[in-house]
Amino acid sequence: MYTRISKSGGRSYLQLVEGHRDADGKVRIKVVANLGRLDRLSSQKLDPLINGLNRAVGRLENTAHEITHDPARTYGTVFALHELWKELGFDRALNRTLRSGKRSIDVEALVRAMVFNRLCDPTSKLGCLRWLETVAMPAMPETVTHQHLLRAMDALMDNAEMVEEALARQIRPLFDHELTMVFYDLTTVRIHGAARLEDDVRAFGMNKETGAIARQFVLGVVQTADGLPLMHTVHPGNVSETKTLQSMLSTVLQRFPIQRIILVADRGLLSLDNIHHLTEMADQDGRKLEFILAVPARRYSDLVEIFRSFDFSGGDGLREAGFEGHRLIVAHDAKRALEQGEARRARIRELEAMGDAMVAKLNRQDEGKSEKGRRASDRGAYSRLSRAIADAELSRFIKADLTADRFSWTVDEDAVAQAALFDGKLVLLTNVPEITPADAVLKYKALADIERGFKVLKSDIEIAPVHHRLPDRIRAHALICFLALTLHRVMRKRLKAKGHHASPQLALVP
């Protein structure tokens, strides 16, 4: 027996009804009593009925106190992440490596909370505490403070090597055991603060996001061909990209049982010294190390004659040659080459027009025709044009003749023609013997998936800017964000496998 609100003629009525099953087993509803129109019922009319029912079952009479309630907590999103966290074994890995009788805090639970916070509502550690008050996080301590979160980060770094190796063991079952190809790239992460500490990772360098000098650290990410993050590296913000490659490879080979690996990396990571050391590493421990690396072609004048020998007028736009003892694969995009060449010519014409205007002004002065403004001079014209050429990065093509008595310049057409040889070209260096040029280009273009991962780190997980001061806490922050990226990628992969088009961000909306 229960109450029901029924509607008739635009009005609502309160009824007392009873449900029962008839002989056929169907549920039937019987109206026991009509209690009246809902808009005419008040507590004075209903309280006697409620009190009588309470007395019938031996309860206290209705006191008609105002109903209060605690704020509801979100459960679904953190429950889904918690199940994924356990399925990946991250809880076991952290509990196993961070177990200590000296700690009174549950480090695994606190790290888990910080990781989930990056995915659901990325904020500061103080913001994470406010977020925890709005969610029903499974297996969390009753009391969590800001100091608890910082101590959990310190515990991570006190056992960093063991933690990362344990996490690597949990990640291994997610990819093919015959792992043969890994992708590696770097990004920069901005940091606040001006303090300088020993072993600091904060340093000034060119920031990839802003294109300007910023205090930062460099984050490297290694992932599989299908986009699963394997490991990350943290370097000072002014490190040369080429110096990170060898240490990364040594760690990958140590943590993952790979007999043959093909490394795919971007052009900023290549130097001839790198190629030499990579070749040496290929012979260590009986493993086979191969690579597909983009070449910053304009740095190598030796490529000019090779490019001149190529004819891209027909076919698939792919050519191959030998370079430094390895295969050089060149992919030519005619449309992009035309755009780059026209853009260069347009910039040169703008500077020539600027120079012509200066010459015309100097000529009018020589003819005795006065003009408003400062008087022009040949030396001043040289200075202005030279700065404009340098700002446009066209010093190779336009040469101001500083030795001439009168202001003049020349355009080096040979240099322009040589630069045009490199337009629209993707140049790859590889020592993989059986891969076709088309497949090599395809594998390299898959490196863009890491760039999408960096976008997730910076926009959805909000890894930057970092406000921590201590170097180890900066490294811990990077590890927490890397774990969040791993969960994000696994979610994305499973959503796609189920045919869902929703992104992990949309799936995690409460």
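Is Asp200 buried or exposed? Asp200 counts as buried, because its relative accessibility is 16% and buried means under 20% relative accessible area, exposed over 50%, and partly exposed in between (1.4 Å probe, protein chains only).

This is a predicted model, in which local features need pLDDT of at least 70, side-chain atom pairs count only at pLDDT 80 or more, and totals for chains, interfaces and linings use all residues. Residues are numbered from 1 along each chain as its sequence is written, and side-chain values use heavy atoms, with hydrogens and water left out.

**View 1. Asp200 sits in a loop between two strands.** Look for this loop between β4 (181-190) and β5 (203-206); strands (E, at least two residues) and helices (H or I, at least four) are DSSP runs, numbered from the N terminus. Asp200 touches Ala195, Arg215 and Pro471, leaving aside residues up to four places away in sequence; contact means heavy atoms within 4.5 Å.

**View 2. Gln216 is a buried residue of strand β6.** This strand covers residues 213-224, and Gln216 has a relative accessible area of 1%. Its contacts, again without residues up to four places away in sequence, include Thr188, Val201, Met206 and Gly237. Thr188 is 28 residues from Gln216 along the chain, yet their C-alpha atoms are separated by 6.4 Å.

**View 3. Arg169 belongs to helix α7.** Here you can find Arg169 within residues 160-171. Arg169 is partly exposed, at 40% relative accessible area.
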